[in-house]
Amino acid sequence: MGLPAFIFSTPIAKHPPTQDSVRVMASSPPFESWLRPGPSGLHCLPGDFFIDPSGPVPRAVITHGHSDHARAGHGAVLATADTLAIMRLRLGELGQTQALAYGEALKVKDVTVTLVPAGHILGSAQVVIDYNGQRAVISGDYKRHADPTCDPFELTPCDLFVTEATFGLPVYRHEPDTSEVQKLLTSLRDFPERTHQIGVYGLGKCQRLIKLIRQAGYDRPIWLHGALRSMTDYYVSRGFDLGDVPNVMDASGKLPGEIVLSPPSALGDRWSRRFADPLSGFASGWMRIRGRVRQRGVELPLIISDHCDWPELIRTVTETGANEVWVTHGREEALVHELSKRQITARALRLVGREDDAE
Amino acid sequence: MRAFSQLLDRLTYTPARNAKLMLMRNYFLATPDPDRGFALAALTDGLPVDFPLRRVLSEIGNSRFDPELFRMSRDDVGDTAETVALIWPVTEAPGNAPRLSDIVAALSKVGRMGHAALLTQWLDQLDATGRWALLKFLSGAPRVGVSARLAKQAVADAFGKSVDDIEELWHGLEPPYTALFDWLEHRAERPSLAAIPIFRPLMLAHALEEGDWQAMNLADVAAEWKWDGIRIQVAAKGGTTRLFSRTGDDIGQSFPELVDHFKFDAVLDGELLVMRNGEVAPFSDLQQRLNRKTVTRAMLTSHPVHVRFYDALEIGGEDLRGRAFTERRERLEAWHREHGPAHSDLSEVLSFASKEELKARWEATRGQGIEGLMLKRKASPYLAGRPKGHWYKWKRAALTADCVLLYAQKGAGKRSSFYSDYTFGAWTEKDGQKLLVPVGKAYSGFTDAELVQLDRFIRQNTLERFGPVRSVTAKLVLEIAFDAIQESKRHKSGIAMRFPRVSRIRWDKPAEEADTLETLKELITSVG
């Protein structure tokens, strides 16, 4: 079966584009002439596709599998193989799809598209678009912290850098994740009679936390809420050794002194009554702020984030060498303020449909 | 400082009492002197740190961070000290993080001009949690959900003593409490208390049960009114006078007129009341005087306080606690005839001929604005704590009202998955429309089985959710028991209940038949 005509294209090169070909010319047209922020997300006009659109479009390039970026109903989808697999698990059949490996350049109508690791979750990618000697990088969600469950962020020099700003305030500095995992293990020693129920988002955070706990030398079972099963199984099928991760449903007792992972919504809910005096934790970058910890009634805040903290945001934007920066969502006001101090043109796009709190 | 900041950090997030005790116990066992003593001070009475935090922060802030970014961050975080702790730039500061005792020592030496340099240096050396804890510490009371009593309990538990042992010594000690820890770790004798007035743990009463009443022989028992004030212990010696609350907190600062007049050598037990022309004023008047650091002249005149003594623990240096109640009472009366200071009198011992007569007097208490009766065995010594079979409180019968459940909120700790805090309302009329106005909140009075039923009802009848709060269809009637109703300007309903709790769940009663706000308001006038 050959590729249908409206699918993106076939790869043209198997190496990342070089930097010197893409420096912006003095007479370059504004980026808005070919990359346009709109209600459905970023629209690449000469390539005729949208990036992470908030509603159904004919052709979409998807950065990663989180539900505020990867939605159902597009005519055709271009993404990494992992992102496509994750989307199928979450959304069912996708229609037309095309997988693109990291670093593989693809001609899409008048532009060239390359996907580069974003370090956010398994399969997450930055979308690099080259057009008329200009290069734009749409980074999606990304982080610079090391993560044992995905490829590390790759810096791509560019003229326009499109970034998120979930933690775009200088108060957000994520602690080293090893020390956060130690907090959990210390609490297990202090409260060996209590079930430690930790809220995690099901894709990415869950599997990363399991891996971090394993790396800290903990080899007891880590029990899972049913909603975390399919994604965790996917990570295991992709070769990540997460140890023994049984279902809470199959446990016979009240699991005192054990680690249980669940979606955040199951913290302090009826589901948690089955456990021994449950101690609720939450693994999220928001746990840096005491008010947010209290608001959620969390006893054990673990500052583990899939997003950049403030120093990483500034460092990344600066290192790309971009002279123009667009901020898609989050605390964009502070980032725009900081970048203009550094004489980088920055503007807030305020894209709709991005979930600030789903971290 | 690291251990202390981690302790504060974990205490703020830990709701359960036992877990808090465990964290503090581990800290006091593992931390050396004098740091643990300063930590204990911070958790109890607070250290008398005189640090102009606000001024110093505004002085150094602008040199370390962009004011515009600070403003935005402050809006996001919601707390200035926490924002400073989090936004503070990470530097490769020379030297190790300061110990708590280093901080206290440096503060006692530094002059006004040195504050900014000192704080900057410390903030550079600490991590984010350390910076937060330091700023909490410098602001006075750390407010991490630990009462002074709980911190003392943790020290007692750590070293196998009773908390009353610690309380008794407490006011003779000073931070960093090295004498206390030396004694607890068997390196020294028990600290001596001869020279100063100290707190003696109080004797408390049990609620009178039907069985106690039946078994009681009236010839063995003395009866007094139960006054509607707060329990107070007056300890005076060598020209120093201290007023202690029932938990041993020194509350003398709020009542300068008593401290000035009570110059004697005795430790006495009594009730603190607001009195006007020999009449006991309502409890709400006394509340106006509590927890004030300074008292205005106007307040002294409009809300004059008074102590009604009912027991003597020590007179003229002689410990009377081993003597029988009747003997202590005689000594108290003799002492008061001779030395009785202004702003004080004695609680009357009631005479009665029969149980029927006593019961009749109890039944009349509500009309007289008295909280009930106290029954004390004449032979009982003065025992710390709540010993069984000695003192009984016989509170006047509670008032009840049928109210309608309006909102429910999730509880904390063991109750965190249950909707266990209930806001209830009474009917009123506005523009000819009948509507429910919230009149109070109750968290107790129901059994565990009833809690499960209430939780199910709330989940099945939810109208809207507001974070941890749900509004429910107004159809469940709760019979609320409460001790009294007061006028209140702070509440929309205009009333406030004292000690409201759920006495019965009226699954049978339609909401339309619940009580009206007007009925509840009538109870204000009939109660003192």
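Q: Before we start, what kind of model is it, and what gets counted?
A: It's a predicted model, where local features need pLDDT of at least 70, side-chain atom pairs count only at pLDDT 80 or more, and totals for chains, interfaces and linings use all residues. Residues are numbered from 1 along each chain as its sequence is written, chains are lettered from A and ligands numbered from 1 in the order in which they are written, and side-chain values use heavy atoms, with hydrogens and water left out.

Q: OK, chain B. How many helices and strands are there?
A: Chain B has 20 helices and 21 strands. Those are DSSP runs numbered from the N terminus: helices are H or I with at least four residues, strands are E with at least two.

Q: And what box do its C-alpha atoms fill?
A: Roughly 80 × 65 × 45 Å along the principal axes, for the C-alpha atoms of chain B.

Q: What share of chain B is buried?
A: 53% of its 528 residues count as buried. Buried means under 20% relative accessible area, exposed means over 50%, and partly exposed is in between, with a 1.4 Å probe and protein chains only.

Q: How far apart are the mean positions of the positive and negative charges in chain B?
A: They are 2 Å apart, for 73 positive and 71 negative charges. Lys and Arg count as positive and Asp and Glu as negative, while His and the chain ends are not counted. Each charge is placed at NZ of Lys, CZ of Arg, CG of Asp or CD of Glu.

Q: What fraction of the contacts in chain B comes from residues 24 or more positions apart?
A: 68%, taken over contacts with a separation of 6 or more. A contact here is heavy atoms within 4.5 Å.

Q: Sheets next. What's the order in the five-stranded one of chain B?
A: That open sheet runs β1-β12-β11-β2-β10, with mixed pairing. Strands count as paired if DSSP finds at least two bridges between them.

Q: Which strands sit at its edges?
A: β1 (206–207) and β10 (349–350) of chain B; each has a single partner strand, so one side of each has no neighbour in the sheet.

Q: How many bridges join β2 and β11 of chain B?
A: Six, between residues 221–226 and residues 372–377, and the two strands run antiparallel. Within that pair, K226(B) has G372(B) as its bridge partner.

Q: What about Y177(B) and its phi?
A: Y177(B) isn't a glycine, but its phi is positive at about 60°. Y177(B) is also in the loop between α11 and α12.

Q: Is Y177(B) buried or exposed?
A: Buried, with 3% relative accessibility. N277(B) also has a positive phi, about 50°, and is not a glycine, but N277(B) is exposed at 80% relative accessible area. Its loop lies between β5 (266–276) and β6 (279–280) of chain B.

Q: Switching to chain A. What's the strand order in its six-stranded sheet?
A: It's an open sheet, β2-β3-β4-β5-β6-β7, again with mixed pairing. The edges are β2 (35–38) and β7 (96–99), each with a single partner strand, so one side of each is left without a neighbour.

Q: Which way do β4 and β5 of chain A pair?
A: Parallel, over two bridges, with β4 at residues 49–51 and β5 at 59–61. F50(A) stands opposite A60(A) there.

Q: And the β8–β9 hairpin in chain A, what's in the turn?
A: There are two residues between the strands, and K109(A) takes a positive phi near 50°. β8 (105–108) and β9 (111–117) run antiparallel, joined by four bridges, and L106(A) has V113(A) as its bridge partner.

Q: Last one: what does R347(A) touch?
A: Leaving out residues up to four places away in sequence, R347(A) touches E32(A), P37(A), V325(A), W326(A), V327(A) and V336(A). R347(A) is in strand β19 (345–348) and is partly exposed at 30%.
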